[in-house]
Amino acid sequence: MSPLIRGCSITNSVRHPDSIRNPDPPILPAHAFVFLAAARVSHHVDSVVDDSDRNLKDELVRALDACDGSALLSLAEDVHYADLAGFYEDLNDEERDFLLKTIGPELATDVVAELPYPLIEEALNHFKPAQLRVLLGNLSDDDRVDVFQVVSEEAQRRFFALLGPRDKELTKSLLKYDEDTAGGRMTTHCGRITADMTVKQAIAVLRRDKDNAETLSRIFVVDAEGRLVGKVRLRDLAFNTWDTPIRDIMEEALEYVLASEDQEEAARILSRYDLIVLPVVDEFHHLLGVITYDDALEILQEESTEDIEKLAAISGEHSEVSYLNTKVVVHYQRRVTWLVGLAFVSIASGYVMFRFNNLLGRAQLLSLFLPMVVAAGGNSGGQAATMVIRAMALGEIGPGNALKVAWKETRTGFFMGISLAIAIALFIVFILPRFPGSGYDFTRLAISVAVAITIQVLSATVLGAMLPLVARAIKLDPAVVSSPSLASTVDVSGMLIYFTTASAILHL
């Protein structure tokens with residue numbers, strides 16, 4: 001990246017005009033949610049493959065290096081705010097300060113909303129109070145709440161004092177919901193009309209609120225007390241006469257989520273029913289706001305990233321800062337705890353091998369198949385755990401399905417174990433004798449290894465399926481418990497099963 005900027009002036013910059021809000025996004029099918037989340041869509045300019053965008057980034061760097069505020073502002077206006085946020089993340093402190101002061105609070109509003117959470121407070125501190133008042137006022141209510149949820153308490157008090165009366169009241173009401181709930185992710189800016197209106201009256205209301213509404217692709221109907229009673233589409237209003245009552249053309253709003261529900265449940269409903277907007281209600285069914293499809297994309301990305309990291313025994317809070325911009329000490333802190341813990345747990349595997357050392361001395365060929373038996377258990381258990389965790393995440397497995405899952409995985413594990421046992425037994429009986437060395441009863445060896453691997457795969461499969469269910473039952477994260485615990489447990493159990501079986505069948 002460009003060298004440090006020292007003494008850059010922003011006197012050449014011009015005031016940025018009011019930011020232009022994007023129109024309603026196109027409708028995406030449910031499978032697009034999962035695909036985009038799994039693809040880990042990056043917001044960084046480096047990921048943009050279009051040559052013109054690459055050239056635009058290069059021009060931004062040159063303008064930044066030259067301290068040319070006017071050129072930088074002109075270029076920044078042509079860059080999507082998400083890409084500009086990615087560009088900001090790669091800068092050093094002085095470059096960030098110059099960029100933000102050059103583009104001003106109007107253009108910076110959408111950029112700040114796209115920044116990784118750890119960088120938001122630092123970015124806002126580059127602005128003076130008057131500029132902060134503009135920026136915070138321009139943020140949508142859900143983005144503003146996100147900001148308040150991630151900054152320090154001191155910054156919360158300072159920023160809250162800069163809000164207008166209406167924004168203060170709205171922000172305070174939304175902050176009562178945890179950030180991982182539907183209420184913490186919703187926006188109150190939605191198309192809202194009442195059931196006793198006519199089409200003409202409804203259009204007049206929507207025309208008045210069009211600049212503030214997050215989307216008008218779905219318009220929700222409430223009664224006189226604000227309770228959700230239905231929904232209409234914009235085309236329903238366009239193709240009916242002005243005197244048509246809304247009550248006659250509205251559909252029942254069957255899909256909604258409680259504000260207290262987990263955000264993942266909201267994303268699941270959006271995906272399952274191919275929704276663009278999901279209404280959020282309180283326990284009395286009052287319409288509080290909506291969660292949009294782009295929120296679902298973010299939620300699914302966050303949740304899938306969290307699960308992947310926990311499956312890999314990475315602890316701590318997931319950082320939204322990109323991998324290359326995350327400090328080494330953060331990577332170290334998140335990985336070292338589980339690494340050290342699992343290292344000590346692995347000593348149990350060494351102890352089992354030590355106890356059966358005499359057995360290996362009498363039949364050294366047993367050591368050839370030990371890694372395979374242990375690894376087969378880890379692989380089959382990991383497969384089962386992954387399938388169950390995925391099914392739990394999609395709501396396919398409930399608390400009362402434990403016995404069904406156990407029976408299904410018992411049969412699956414048995415058939416997989418038998419298949420692997422036959423393959424290994426054939427190798428031992430027909431291929432292994434061709435190699436140098438003799439004096440072994442290959443038939444007995446084949447039987448002992450086949451029996452051991454069948455038991456190992458069967459037990460590991462059932463254990464891998466049950467651990468996530470047990471973890472959820474005792475209020476632990478299934479992903480955290482399953483992968484690290486499964487690997488260590490299967491290593492020890494695999495050695496015990498293998499040595500015990502071999503000792504019994506080979507009479508050692």
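Tutor: The structure holds 14 salt bridges, where a salt bridge is a side-chain nitrogen of Lys or Arg within 4 Å of a carboxyl oxygen of Asp or Glu. Please keep in mind that this is a predicted model, in which local features need pLDDT of at least 70 and side-chain atom pairs count only at pLDDT 80 or more, while totals for chains, interfaces and linings use all residues. Residues are numbered from 1 along each chain as its sequence is written, and side-chain values use heavy atoms, with hydrogens and water left out.

Student: Which residue forms a salt bridge with Asp 167?

Tutor: The closest N and O atoms of the pair are 3.6 Å apart. Asp 167 belongs to helix 10 (residues 165-174), and its partner, 23 residues away, belongs to helix 8, helices being DSSP runs of H or I with at least four residues, and strands runs of E with at least two, numbered from the N terminus. The partner of Asp 167 is Arg 144.

Student: Is Arg 144 buried or exposed?

Tutor: Buried means under 20% relative accessible area, exposed over 50%, and partly exposed in between, with a 1.4 Å probe and protein chains only. Helix 8 (residues 141-150) is mostly covered, with eight of its ten residues buried, and Arg 144 is among them. Because its relative accessibility is 2%, Arg 144 counts as buried.

Student: Which residue meets Glu 255 in a salt bridge?

Tutor: The N to O distance in this pair is 3.7 Å. Glu 255 lies in the loop between helix 14 (246-249) and strand 4, whereas the partner lies in strand 3 (residues 228-232), so the pair ties together parts that are 24 residues apart in sequence.

Student: What is the order of the strands in the open sheet?

Tutor: The sheet has three strands with mixed pairing, and two strands pair if DSSP finds at least two bridges between them. Strand 4 (257-258) and strand 6 (287-292) are the edge strands, each pairing on one side only. Strand 4 runs parallel to strand 5 (residues 277-281), and two bridges join them. The order is therefore 4-5-6.

Student: Which residue in strand 5 stands opposite Val 257?

Tutor: Two bridges join strand 4 to strand 5. In strand 5, the residue opposite Val 257 is Val 280.
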